[in-house]
Amino acid sequence: MNTRPAGPVARAAANFLFALGLPFLTVVLWGIWSTASTSRFFVGPLTILDAFRQIWIGPAFVDDVLPSLYRLALGIVASIVLGVAAGVTIGRFRRLRETLEPLLEFFRAIPPPVLIPVAMLLLGITDTMKVVVIVSGAIWPILLNTIEGVRATDSVMVETADSFQIPSWERLWLLVLPAASPRIMTGVRQALSVALILMVISEMFASSSGLGYRIAYFQRNYLIAEMWSGILLLGLIGVSLAVLFGLAERRVLRWYHGMKEITRA
Amino acid sequence: MPDGSPLLRVEHLRKVYATTTGEVEAIGDLSFTMSHGELVCIVGPSGCGKTTLLKCLAGLLRPTSGRMEMDGAPVTGPSPAMAVVFQEYGRSLYPWLTVRGNVELPLRHKKLSRAVRDRIVTDAIEAVGLPQATLSHPWQLSGGMQQRVAIARAIAYQPEVLIMDEPFAAVDAQTRAELEDLVRLLHLTRGISTVFVTHDIDESVYLGQRVLVLSNSPTRVQEDLVIDLPSERDQLTTRALPRFTELRTHIYGQIQRARRGPAAAPRSAP
Amino acid sequence: MHKVSLGATGLLGFAVVWQLIPALGLVDPQYLPYATDVFAWLVQEVRDLAFWRRLRLTMTSWAVGLAIATLAAVVLGTAVGLVPFLRRATHTMVEFLRPVPSVALIPLAVLMFGLQMRAALVIIVYAAFWQVFVQVIYGVADIDTVARDTARSFGLTRRERLRYLVLPTALPYLMTGLRLAAAVALILAITAEMVIGNPGLGRSIELSRSAGDAVGLYGLVVVAGLLGLLVNIVFRFIERRSLTWHQSVRSEETR
């Protein structure tokens with residue numbers, strides 16, 4: 001090991017190098033390669049950045065990005081609300097759960113994008129359809145994880161609530177939902193990536209606006225730098241979603257992570 | 001509440017579980033009474049249905065037959081007159097709530113003013129000696145402290161009877177002694193009637209005013225023993241008394257007998 | 001047994017509701033065809049060789065994509081997981097690349113490879129790779145320090161250490177990653193066919209939609225669901241088998 005005792009400045013510098021070294025190196029190599037290579041499809045990072053600024057910072061932000069994000073947010077929120085509500089209901093009643101289990105397993109197994117044509121058929125090419133598509137794909141991980149979390153609520157915790165005659169509304173907020181929250185958050189994390197995929201695909205498929213549509217348009221018209229800038233933007237949205245989720249999770253599950261840390265030590 | 005009047009009456013309690021391999025009798029035929037303000041310990045060999053009895057008392061399980069009365073009214077389900085302290089404190093306290101939140105939990109639905117509720121909660125936390133841990137989460141505390149939180153929650157509920165299910169089985173000996181003294185102190189200062197289930201004979205003698213010795217299959221009260229030790233007890237001197245040793249030896253013998261075979265008829269104290 | 005009959009009731013109930021919605025005129029059968037029609041279509045379709053040929057194309061790109069992704073993820077994941085320097089150096093890069101939705105790469109893949117299976121593979125591999133990669137890193141990091149020190153003190157060679165220490169510890173994680181990757185790969189195999197248009201189940205779905213063939217569309221959705229179910233069941237079985245001979249306590253990251 002080469003970790004000699006180092007001052008805090010040296011350590012901070014090392015952390016900084018480790019964090020940004022590889023991304024920086026990649027961008028530099030990318031730049032060199034794109035100028036050397038003859039392929040038309042790989043343009044330099046500066047060109048992409050330039051295209052990014054020209055396209056997305058301007059009217060396209062309002063026309064394409066905002067509507068996409070709006071549908072994405074609506075879809076995610078609806079998935080969480082519906083998934084948790086249905087999951088709590090199904091998880092609490094054993095018979096209901098056992099009746100629905102095979103059916104839910106089947107629905108979860110349907111690759112979500114195949115629901116886009118179905119939604120188009122039933123709802124036409126509308127905003128509602130896109131939100132419905134997002135929900136119909138993203139709800140399953142949340143629903144199934146919630147069911148599992150509610151089902152697995154600790155029996156002593158339930159008996160405690162019984163013995164103190166905690167009424168059902170309080171029981172929901174103080175026992176059932178917190179007890180299931182680690183599982184619910186696992187489901188939400190999976191739902192986020194599904195939702196983002198469905199947002200893009202539904203727009204590539206059936207739209208005349210939105211991020212997915214725009215990227216497909218650039219590709220069809222060989223606007224390479226513009227296309228790359230769209231991929232970059234989608235990547236940034238994905239990363240932001242992951243970061244936002246990380247923050248929310250840390251807040252919601254603070255007790256859970258604290259408890260785990262202590263039992264591990 | 002007048003001391004000495006019957007508070008809890010259990011008559012011919014029987015509980016049979018239906019399992020896939022047939023019926024299992026957890027409690028055979030069990031009867032006893034308990035007065036206001038008493039501290040009764042229930043001791044018996046492992047697997048004699050102590051936990052089942054306690055869950056029946058708390059209204060968490062329905063007995064197969066028999067009667068249970070609290071203050072003359074039949075027990076049909078959990079009631080505000082009873083509070084349970086479970087053995088598994090780690091699973092009985094809610095890890096997402098703070099100590100205060102946990103103690104407050106059973107009071108939320110009682111129609112109390114904010115000020116009264118706060119006072120009860122603070123008082124209960126102080127009574128178990130944890131005022132400095134109010135804002136901690138249970139998992140940040142030691143096992144003994146967690147069980148104190150569970151006790152605080154039970155007394156904040158202000159029950160007629162405190163039901164404790166082997167509450168100190170999972171803590172170390174030193175902590176256990178401290179918690180035993182806490183139970184005695186709460187009983188003496190607050191006069192809360194307490195049913196204390198344990199498998200530890202010494203603990204039952206040290207804590208109880210009365211000890212019910214249970215027999216194994218069928219479960220019944222093998223002996224109802226009055227603990228005639230002075231009410232002022234402490235870990236060193238009380239446990240060193242010759243009478244303490246006598247009582248302990250006697251109960252030990254009873255339990256050995258209970259474990260060996262069908263119960264003998266209830267016998268009087270020596 | 002009781003549970004099975006309840007589950008069957010659920011499935012049957014769903015089929016009845018499905019049948020009733022168009023029958024009662026709640027939705028035009030043109031948009032939601034009768035369940036009986038869809039099942040009749042399915043029965044007819046499974047006797048058609050062309051159906052199986054399309055299915056084979058989809059499953060081929062799924063299998064090839066999954067294999068490439070797994071191979072790459074195991075090699076890279078083991079290296080990154082075992083060498084602290086690599087782990088620190090790649091951390092930011094991984095955290096940035098992993099959340100990028102793979103479908104964002106569809107336009108790029110089409111430009112590079114045209115409307116072919118190879119374009120689909122790019123997307124499948126990208127999506128499936130991260131699932132396995134992350135689990136392999138978890139698995140390698142999970143190696144017991146005492147076990148590792150023991151291996152060192154007995155002078156096991158690098159190769160022996162990999163064989164007897166790293167592999168058994170990481171295997172259950174790998175299987176979890178594989179199960180997640182298999183599901184994701186199927187989603188993207190079908191998605192790619194829908195969007196890119198390389199032949200297979202996904203393109204058939206898109207064709208039935210554009211032809212207004214509602215019965216065929218719903219039938220193919222059912223097929224896709226059954227395919228997904230099959231993949232889930234098979235890989236869950238494999239995962240469970242790998243767990244039986246290695247009991248490890250793992251995070252909730254298993255679903």
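## Helix pairs in chain A

A helix axis here is a line fitted to C-alpha atoms over the stretch in contact, and angles run from 0 to 180 degrees between N-to-C directions. The model is predicted. Two helix pairs of chain A follow.

Helix α9 (residues 211-220) and helix α10 (residues 224-252) of chain A cross at roughly 155°. Their axes come within 8 Å. Angles over 145 degrees count as roughly antiparallel, and α9(A) and α10(A) are therefore roughly antiparallel to each other. The crossing of α9(A) with α10(A) is left-handed. On the α9(A) side, the contact uses A:L211, A:R214, A:I215, A:F218 and A:Q219. They meet A:E226, A:M227, A:G230, A:I231, A:L233 and A:L234 in α10(A). By class, the residues of this contact are seven nonpolar, two polar and two charged.

Helix α4 (residues 94-109) and helix α6 (residues 127-151) of chain A pack at an angle of about 150°. Their axes lie 10 Å apart. α4(A) and α6(A) are therefore also a roughly antiparallel pair. Their crossing, too, is left-handed. From α4(A) come A:R97, A:L104, A:F107 and A:R108. From α6(A) come A:W140, A:L143, A:L144, A:I147 and A:R151. The contact of α4(A) with α6(A) has six nonpolar and three charged residues, but no polar ones.

## The sheet of chain B

Chain B contains an open sheet of six strands. The strand order is β6-β7-β8-β3-β9-β10, and the pairing is mixed. Strands β6 (82-85) and β10 (221-226) of chain B stand at the edges. Each has a single partner strand, so one side of each is left without a neighbour in the sheet. From one strand to the next, the twist averages 15°.

One pairing within this order joins β3 (residues 39-43) and β8 (residues 193-198) of chain B. These two strands run in the parallel sense and share five bridges. In one of the bridges, B:V43 is partnered by B:T198 of β8(B).

## The fold of chain C

Chain C has 10 helices and zero strands. Along the sequence, the pattern reads α-α-α-α-α-α-α-α-α-α. The C-alpha atoms of chain C fill a box of roughly 75 × 55 × 30 Å along the principal axes.

## Contacts between chains

Two pairs of chains are in contact, and chains A and C share the most contacts. Chain C gives 45 residues to the contact with chain A, and chain A gives 50. On the chain C side, the elements that give two or more residues are α1 (2-23), α4 (84-97), α5 (106-113), α8 (158-195), α9 (201-210) and α10 (214-244) of chain C. The largest share comes from α10(C), with eight residues. The side of chain C that touches chain A has 30 nonpolar, nine polar and six charged residues.

Chain B also meets chain A: 20 residues of chain B are in contact with 19 residues of chain A. Here β6 and α2 (89-92) of chain B each supply at least two residues to the chain B side. That side divides into 14 nonpolar, three polar and three charged residues. Chains B and C, by contrast, do not touch. Their nearest C-alpha atoms are 13 Å apart.

## Confidence

For the complex, the predictor gives an ipTM of 0.84 and a pTM of 0.86. Chain B averages a pLDDT of 86, with 94% of the residues at 70 or above. Over residues 263-270 of chain B, the pLDDT is below 50. This stretch has 13 contacts in the model beyond near neighbours in sequence.

Chain C averages a pLDDT of 85, and 95% of the residues score at least 70. Within chain C, confidence is highest in helix α3 (residues 49-82), at a mean of 92. The lowest is in helix α7 (residues 145-153) of chain C, at 75. Residues 247-255 of chain C stay under 50. The model has eight contacts beyond four places in sequence for residues 247-255 of chain C. Where pLDDT is low, the predicted coordinates should not be read in detail.

Conventions: Residues numbered from 1 in each chain as written. Chains lettered and ligands numbered in written order. Predicted model: local features only at pLDDT ≥ 70, side-chain atom pairs only at ≥ 80, totals over all residues. Pairing = 2+ DSSP bridges. Helix = DSSP H or I, 4+ residues; strand = E, 2+ residues; numbered from the N terminus. pLDDT = per-residue confidence, 0-100. Contact = placed C-beta atoms within 7 Å. Parallel < 35°, antiparallel > 145°, perpendicular 65-115°, else oblique. Left-handed = near helix turned anticlockwise from the far one by under 90°. Nonpolar A, V, L, I, M, F, W, Y, C, P; charged D, E, K, R; others polar.
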